[in-house]
Amino acid sequence: MKFDNPPISPCTFSKHYRIPEHQAWQALTVYLLYRLTLGSVLVFLFFLGALPSSLGKHNPGLYAAVSSLYLSSIFLSAIPLLLRRPAFSLQAQLHVLTDIVTIPIVMYASGGAESGTGVLLALSVAAGGILTGGRCALLLAALASVAVLGEEIYADLFGAFEPAYTYAGMLGASFFGIAILALVLAGRAEQSEAIAAQRSADLANLRQLNEFIIHHLQSGILVIDEQQRIRMMNESAARLLGIPSTARSLETACPELAELFWAWLDDPSPATVNLGSRAGQPVQVRFTRLGRTHPPLYMGFLEDNALYNQRVQQSKLASLGRLTASIAHEIRNPLTAISHAAQLLAESSSLETQDRRLTQIILDHTARVNVIIENVLQISRRSQSKREVLSLAASVKKYLSDYRTAQAVHENAFQLDVRINHALVLVDPSHLKQILENLFSNALKYGQPQRGAIRVRVRRQRQEPCVEVIDHAAPIDSQTVQQMFEPFFTTSSSGTGLGLYIARELAELNQAKLEYEPVTGGGCFRLRLADAEKTTIEL
């Protein structure tokens with residue numbers, strides 16, 4: 001349970017007993033009103049002559065003086081209560097102590113304990129137990145018992161009237177019983193408050209955890225009502241829809257999604273619909289009713305097609321892995337035998353020149369088939385991407401340097417142009433390296449490097465970090481561009497047609513995009529990567 005004001009400890013001897021400050025002052029105000037009513041009744045009924053016969057019968061003058069002073073003290077105590085100064089604990093104790101002093105005198109003026117006025121003191125003791133609590137409640141009960149007993153002893157010593165010690169003892173016992181009961185109730189209230197506070201903290205933590213999970217999901221979450229008011233939207237939904245996260249009207253923020261929502265309300269049979277978002281990427285949208293809320297609320301699930309394709313791709317690669325693993329052994333064993341036989345045949349001294357040419361063709365093509373098998377196995381063994389936050393410029397520089405060294409390529413064959421030095425991307429380092437090596441090799445093989453250095457450019461395009469490999473190859477027709485990323489498609493008799501396919505598959509595994517664009521004097525392979533500052537790793 002949460003309070004606007006911090007709790008206070010009204011009892012000096014029981015620091016563990018705490019009561020909310022606002023609630024404490026409110027209880028003291030109620031107690032003051034009770035005392036004001038009691039004092040007014042005692043005073044005005046006396047002066048009107050309407051008191052019961054037992055009240056004030058022993059000493060009317062003393063009764064009138066004490067009851068008048070009691071009422072005056074109540075009026076005076078209202079001033080510090082309104083000002084809330086001094087502290088609550090002091091004011092509460094003074095109120096109860098005033099009753100403990102005043103009521104026994106009224107009881108004496110009315111003829112002692114047998115007059116029944118001691119019951120009024122029981123109410124004050126109960127109020128003291130509520131206001132102060134803890135050991136202070138027992139202390140107030142003890143003082144009240146001593147006051148009642150002292151009043152009876154005083155009457156007995158001076159022969160004022162016949163004392164009623166038994167009744168006084170019963171009153172004292174009742175005071176302690178009330179104090180103990182108040183103490184137990186206060187303890188239970190304190191336990192209940194602690195449990196409520198703990199549950200409140202648990203609920204607050206759970207709410208924060210839920211909000212953290214929702215707002216850091218890659219899937220967009222959107223909660224809307226029948227008037228298309230946006231009740232809740234996480235950051236992924238705002239990013240996928242290309243709208244501000246503070247938007248509150250779906251019809252104003254995204255009319256296309258609003259139309260899909262109205263269509264779904266009329267016919268909720270389509271499970272999933274596609275939406276072309278303002279951010280440029282296609283988004284899958286699915287609506288559902290949110291529980292049994294009234295008025296009804298609806299939840300929209302938004303998922304980037306790139307993420308969906310990534311999952312499909314992983315499933316496809318897993319299936320391909322199971323297939324290739326089962327046939328690789330059957331293919332490679334006879335292939336090895338053919339290659340070995342061709343080598344032995346080529347070593348024969350009686351082999352004619354034309355036959356040697358045929359054996360060389362066998363060796364070349366077995367080597368090519370072996371490369372194809374290696375590439376297919378490489379795809380099938382592809383594990384799920386383990387993306388990390390990398391500096392794009394530093395990574396490209398390192399991978400290009402490693403490639404030059406490994407392939408013994410002249411330093412002037414590539415020209416590195418870095419236009420963004422501090423861009424961070426989210427990608428698997430090994431995947432990024434293999435993609436770039438495939439692009440470098442493709443540019444060296446088909447890009448006519450003799451016409452000039454191959455440019456490797458690191459920059460931003462459409463607010464996305466990207467790497468571009470620009471060569472000097474002849475223009476590629478549109479049909480070839482559409483097929484160049486397909487497996488086993490190649491325009492070279494010595495190629496396998498798997499290099500660009502593998503590079504694109506790896507890019508999709510990392511939610512990146514590999515594309516080709518003709519440029520003046522050559523072609524450009526562009527790798528768009530996920531910006532680490534705008535992308536959250538899926539939980």
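Where is Arg-84 found? Arg-84 sits in the loop between α2 and α3. Helices here are DSSP runs of H or I with at least four residues, strands are E runs of at least two, and both are numbered from the N terminus. This is a predicted model, in which local features need pLDDT of at least 70, side-chain atom pairs count only at pLDDT 80 or more, and totals for chains, interfaces and linings use all residues. Residues are numbered from 1 along each chain as its sequence is written, and side-chain values use heavy atoms, with hydrogens and water left out.

**Backbone in the loops**

- Arg-84 has a positive phi of about 60 degrees, although Arg-84 is not a glycine.
- Arg-84 is partly exposed, at 42% relative accessibility. Buried means under 20% relative accessible area, exposed means over 50%, and partly exposed lies in between (1.4 Å probe, protein chains only).
- A cis peptide bond links Arg-85 to Pro-86, with omega at about 0 degrees.
- Pro-86 also belongs to the loop between α2 (60–83) and α3 (88–109).
- Gln-448 is not a glycine, yet has a positive phi of about 50 degrees.
- The loop between α13 (429–446) and β11 (454–461) holds Gln-448. Gln-448 is partly exposed, with 26% relative accessibility.

**Salt bridges**

- The whole structure contains 14 salt bridges. Each is a side-chain nitrogen of Lys or Arg within 4 Å of a carboxyl oxygen of Asp or Glu.
- Lys-398 pairs with Asp-402, and their closest N and O atoms are 3.0 Å apart.
- Lys-398 and Asp-402 are four residues apart in helix α12 (residues 392–407), so about one helical turn separates them. Asp-402 is partly exposed, at 29% relative accessible area.
- Asp-417 and Arg-419 form a salt bridge through their side chains, at 3.1 Å from N to O. Asp-417 is partly exposed, with a relative accessible area of 25%.
- Arg-526 bridges to Glu-517, with 2.7 Å between the closest N and O atoms.
- Arg-526 is buried, at 4% relative accessible area, whereas Glu-517 is partly exposed, at 34%.
- Through shared partners, salt bridges join Arg-457, Arg-459, Glu-464, Glu-468, Glu-515, Glu-517, Arg-526 and Arg-528 into one network.

**A nonpolar surface patch**

- Leu-149, Ile-153, Tyr-154, Leu-157, Phe-158 and Tyr-165 make a nonpolar surface patch of about 630 Å².
- Patches are made of residues with over 30% relative accessible area and no salt bridge; like charges are joined within 9 Å, and nonpolar side chains (Val, Leu, Ile, Met, Phe, Trp, Tyr) within 5 Å.
- Accessible areas come from the Shrake-Rupley method with a 1.4 Å probe, and for residues only the protein chains shown count as cover.
- Helix α5 (residues 134–157) gives the largest share of the patch, four residues.
- Leu-149 lies in helix α5. Leu-149 is partly exposed, at 38% relative accessibility.

**Cysteines**

- A search of the whole structure finds zero disulfides. A disulfide is a pair of cysteine sulfur atoms within 2.5 Å.
- Cys-466 is in no disulfide, and its nearest cysteine sulfur, in Cys-524, is 7.8 Å away.
- Cys-466 is buried, with a relative accessible area of 0%. Cys-524 is buried too, at 1% relative accessibility.
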